[in-house]
Amino acid sequence: MPPEQSAAAMSDPTQRPGDAVAGADEPQAAPGLPAADDGSLDATDSAETLDTAAPAARVRKRPRPGERRVQILQTLATMLEQPGAERITTAALAARLSVSEAALYRHFASKAQMFEGLIEFIETSVFTLVNQILEREGAPTEQTQRIVTVLLQFGEKNPGMTRVMVGDALVFEHERLTARMNLFFDRVESQLRQTSRQAAEAAGSATPTVDAQALASALTALTVGRLQRYARSGFKRLPTEHLDLALRRLCA
């Protein structure tokens with residue numbers, strides 16, 4: 001997937017995190033970070049429009065409160081998609097934004113807080129979609145498969161976020177960030193255990209709890225493994241590759 005397309009996820013979150021999974025009767029995309037409007041004129045404006053516009057309209061506006069924070073997070077996510085982005089420094093991030101490092105720290109106390117902003121976006125987007133699945137999908141087996149599918153589709157549409165999810169982007173950062181992502185996947189596995197137990201009970205299993213624990217563990221490992229392969233292949237091996245068949249075999 002071309003980086004210039006995938007990097008748009010945070011600037012158009014209502015489409016990107018959910019456009020591959022949303023349909024007429026399917027969960028819609030989770031709300032995410034809004035597009036940052038820095039007040040610059042649209043590149044498609046004609047010279048005539050610019051000449052006749054009111055003077056105030058031609059003046060570059062200062063970003064409204066919160067817009068610069070969004071810009072910073074958008075840019076960080078974009079940089080994480082680039083080859084060789086093992087560690088992104090605040091100096092490199094500031095240079096990409098054409099601001100000083102001091103300007104970054106007026107919005108975030110540390111780089112760790114910037115990564116926490118990305119993690120919060122991941123958590124909100126994914127679990128909003130999961131809640132929609134639980135409300136709209138009837139059979140527990142279908143819910144289980146849809147949760148895995150939505151999570152992998154989110155990663156596929158957001159390569160920079162995938163590097164955060166699997167920890168590649170957090171290797172040199174504060175350990176609390178890795179711990180928070182671990183809790184994210186623990187929460188995913190817990191939800192998969194619930195739907196898997198319901199499916200096992202409906203199927204008449206004599207050991208629904210044990211069956212659910214085993215299946216949830218396997219599905220979580222599948223999810224993490226596919227996201228890791230996606231990130232480490234330079235975003236070439238899509239996490240949703242042959243996914244339907246794999247899920248049918250595991251959930252049979």
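Aspartate 168 and arginine 232 form a salt bridge in which the closest N and O atoms are 3.1 Å apart. Aspartate 168 lies in the loop between α9 (159-165) and α10, and arginine 232 in helix α11 (residues 208-232), so the pair ties together parts that are 64 residues apart in sequence. The model described here is a predicted one.

In total, eight salt bridges are present in the structure. One of them joins the side chains of arginine 180 and glutamate 123, with an N to O distance of 2.8 Å. Arginine 180 belongs to helix α10 (residues 175-202) and glutamate 123 to helix α7 (residues 111-136), so this pair links parts that are 57 residues apart in sequence. Glutamate 123 is buried, with a relative accessible area of 17%. Arginine 180 has a relative accessibility of 25% and is therefore classed as partly exposed, the cut-off for burial being under 20%.

A further salt bridge connects arginine 229 with glutamate 241, their closest N and O atoms being 3.6 Å apart. Here the separation in sequence is twelve residues, because arginine 229 lies in helix α11 and glutamate 241 in the loop between α11 and α12 (243-251). Arginine 229 is partly exposed, with 29% relative accessibility, and glutamate 241 is likewise partly exposed, at 29%. Arginine 229 and glutamate 241 also belong, with Arg237, to a network of salt bridges.

The protein contains twelve helices and zero strands. Of its 252 residues, 44% count as buried. Among contacts with a separation of 6 or more, 68% are between residues 24 or more positions apart. The accessible surface comes to about 12800 Å², and carbon and sulfur atoms account for 51% of that area.

In soluble globular proteins, nonpolar side chains tend to be buried together. The largest nonpolar core of the present model has 53 residues, of which Phe115, Leu118, Val164, Met165 and Phe184 touch the most other members. At least two residues of this core are supplied by each of α4 (67-80), α5 (90-97), α7, α8 (140-157), α9, α10, α11 and α12. Helix α7 gives the most, with twelve residues. When residues up to four places away in sequence are not counted, valine 164 touches Leu80, Phe115, Leu118, Ile119, Ile122, Ala169, Leu170 and Met181. Two of these neighbours, Phe115 and Leu118, are themselves listed with valine 164 among the core residues that touch the most other members.

Buried polar residues were also examined. Serine 125 is located in helix α7 and counts as buried, at 0% relative accessibility. A polar atom of the serine 125 side chain lies 2.9 Å from the backbone oxygen of phenylalanine 121. Glutamine 153 is placed in helix α8 and is buried as well, with a relative accessible area of 14%.

An α-helix has 3.6 residues a turn, so residues three or four places apart point the same way. Just after α5, serine 98 adopts a positive phi of about 60°.

Definitions and conventions:
Residues numbered from 1 in each chain as written. Predicted model: local features only at pLDDT ≥ 70, side-chain atom pairs only at ≥ 80, totals over all residues. Heavy atoms only, no water. Salt bridge = Lys/Arg side-chain N within 4 Å of Asp/Glu carboxyl O. Helix = DSSP H or I, 4+ residues; strand = E, 2+ residues; numbered from the N terminus. Buried < 20%, exposed > 50% of the residue type's maximum accessible area, 1.4 Å probe, protein only. Core = buried A, V, L, I, M, F, W, Y, C linked by side-chain atoms within 4.5 Å. Contact = heavy atoms within 4.5 Å. Areas by Shrake-Rupley, 256 points an atom, 1.4 Å probe, with all protein chains shown as cover. Polar contact = N/O pair within 3.5 Å; in protein donor to acceptor, adjacent residues only side chain to side chain.
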